[in-house]
Amino acid sequence: MTLELKRVSTGYEAVDVIHDIDLRVGEGEIVALVGANGAGKSTLVKAISGILPVRRGEVALDGQRIDRESPRARVLLGIAQVPEGRQVFGGLTVRENLRLGAYARGERDAAQFEHSIARVGALFPILLERRDVPAANLSGGQQQMLAIGRGLMAEPRILVLDEPSLGLAPVLVAEIFRLIASLRGQGRGILLSEQNARLSLAIADRAYVIENGRVALSGTGEELLHNAEVAERYLGVGKGVAVADSARHTQLAARLAALLGRS
Ligand code: ATP
């Protein structure tokens with residue numbers, strides 16, 4: 001399944017925040033959206049999931065326009081979003097949170113639920129171990145795994161992740177990226193919106209750099225990782241970036257490479 005945006009613009013009240021965005025997420029690929037705080041990444045993600053109406057342009061799945069469909073209808077068509085800030089239900093158990101992901105798809109069949117939960121449990125064994133624990137009692141990293149697991153329970157063809165590393169302790173950030181990298185394949189496309197450009201480019205097949213609501217650059221993760229302009233602005237190797245930040249990002253990238261089995 002291919003998600004395609006053509007010249008999409010939208011925003012809030014009288015102001016457009018994203019302008020003429022062209023973007024594509026194909027089967028089995030991880031596509032990163034990178035850009036500074038406020039560049040418009042979350043707005044773009046909301047336009048894809050239908051939380052925010054598209055004002056101009058088109059959003060299509062396999063060539064069929066979906067930009068007039070409700071958020072629920074888009075889940076049923078195969079797009080699941082993992083929202084920024086995790087937004088798990090703290091008073092519900094891990095298992096109950098996962099069940100909500102299946103309900104979003106209208107799935108009430110007990111056998112199918114157990115099948116989906118087993119698949120999610122194979123990816124995130126800690127969620128199975130802690131299935132009867134209230135989500136509020138999980139660590140931040142485990143809550144993020146739960147939010148991703150809940151998205152996967154909808155059996156999406158396109159999974160949209162909004163800032164999955166936000167607010168996580170540095171030791172968990174590389175681990176979350178490793179987990180996201182492990183979701184590649186099985187025909188599922190992943191759109192990953194992230195401020196951590198270095199790690200998202202490291203796992204992305206392709207990426208788009210968003211600046212002031214427009215696509216400023218696009219290319220393979222590898223190309224953008226080695227692009228001087230991207231390095232200067234987003235990778236913490238430029239003049240304007242604090243040395244401590246740069247060192248921390250480099251350490252995280254080394255950790256991720258180790259987790260991915262690359263050196
Ligand atoms: P962040 O990483 O901070 O989420 P972002 O790249 O996702 O950044 P957006 O959240 O899409 O950026 O914000 C883009 C612009 O839209 C910003 O100028 C922001 O102030 C504005 N904006 C975001 N949400 C709203 C809203 N609900 N109403 C009005 N303006 C908004």
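Modeller: Helix 4 covers residues 110-123, and its 14 residues should span 20 Å at 1.5 Å a residue. Its end C-alpha atoms are 20 Å apart, which agrees. The expected span is 1.5 Å times one less than the number of residues. Helices (DSSP H or I, at least four residues) and strands (E, at least two) are DSSP runs, numbered from the N terminus. The model is predicted: local features need pLDDT of at least 70, side-chain atom pairs count only at pLDDT 80 or more, and totals for chains, interfaces and linings use all residues. Residue numbers start from 1 along each chain as its sequence is written.

The buried residues of helix 4 are Ser116, Ile117 and Val120. They cover an arc of only 100 degrees around the axis, which puts them on the same side of helix 4. That arc is taken over the directions from the helix axis to the C-beta atoms. An α-helix has 3.6 residues a turn, so residues three or four places apart point the same way. Buried means that 20 or more other C-beta atoms lie within 10 Å of a residue's own; exposed means 12 or fewer; partly exposed is in between, with C-beta atoms placed from the backbone. The face turned away from the buried side carries the exposed residues Ala111, Glu114, His115, Ala118 and Ala122.

What does the buried side of helix 4 pack against? Its partners are helix 3 (94-103), helix 5 (125-129) and helix 6 (140-153). Contact here means C-beta atoms, placed from the backbone, within 7 Å.

Take helix 6 next. Its 14 residues reach 20 Å from first C-alpha to last, close to the 20 Å expected at 1.5 Å a residue. Helix 6 is mostly covered, with twelve of its 14 residues buried. Among them are Met145, Leu146, Ala147, Ile148 and Arg150. The cover over these buried residues includes helix 3, helix 4 and helix 5, along with strand 6, strand 7 and helix 7. Glu155 follows helix 6 and has a positive phi, near 50 degrees.

Val82 lies in strand 6 (residues 79-82). It has 26 C-beta neighbours inside 10 Å, so it counts as buried. Leaving out residues up to four places away in sequence, Val82 touches Ala147, Ile148, Gly151, Leu159, Val160, Leu161, Asp162 and Pro164. Val82 and Arg150 are 68 residues apart along the chain, and their C-alpha atoms are separated by 8.0 Å.

The loop between strand 6 and helix 3 holds Gln87. Phi of Gln87 is positive, near 50 degrees, although the residue is not a glycine. Gln87 has 13 C-beta neighbours inside 10 Å and therefore counts as partly exposed.

Now the domain level. The chain is divided into domain 1 (28-53 + 70-78 + 157-263) and domain 2 (88-155). The bounds come from an automatic or database domain assignment. The C-alpha centres of the two domains lie 23 Å apart. Their contact takes 13 residues from domain 1 and twelve residues from domain 2. On the domain 1 side, helix 2 (71-77), strand 7 (158-162) and helix 7 (170-182) each supply at least two residues. Helix 7 gives the most, with five residues. That side divides into ten nonpolar, two polar and one charged. Nonpolar covers Ala, Val, Leu, Ile, Met, Phe, Trp, Tyr, Cys and Pro; charged covers Asp, Glu, Lys and Arg; the others, Gly among them, are polar.

Arg72 sits in helix 2. It has 12 C-beta neighbours inside 10 Å, so Arg72 counts as exposed. Arg72 and Asp205 are 133 residues apart along the chain, with C-alpha atoms separated by 28 Å.

Last, the ligand. The residues around it include Tyr12, Val17, Asn37, Lys41, Ser42, Thr43 and Gln195. The shell divides into three nonpolar, seven polar and one charged.

Note on methods
A residue is near a molecule or strand if its C-beta atom, placed from the backbone, lies within 6 Å of it. Two residues are in contact if their C-beta atoms, placed from the backbone, lie within 7 Å.
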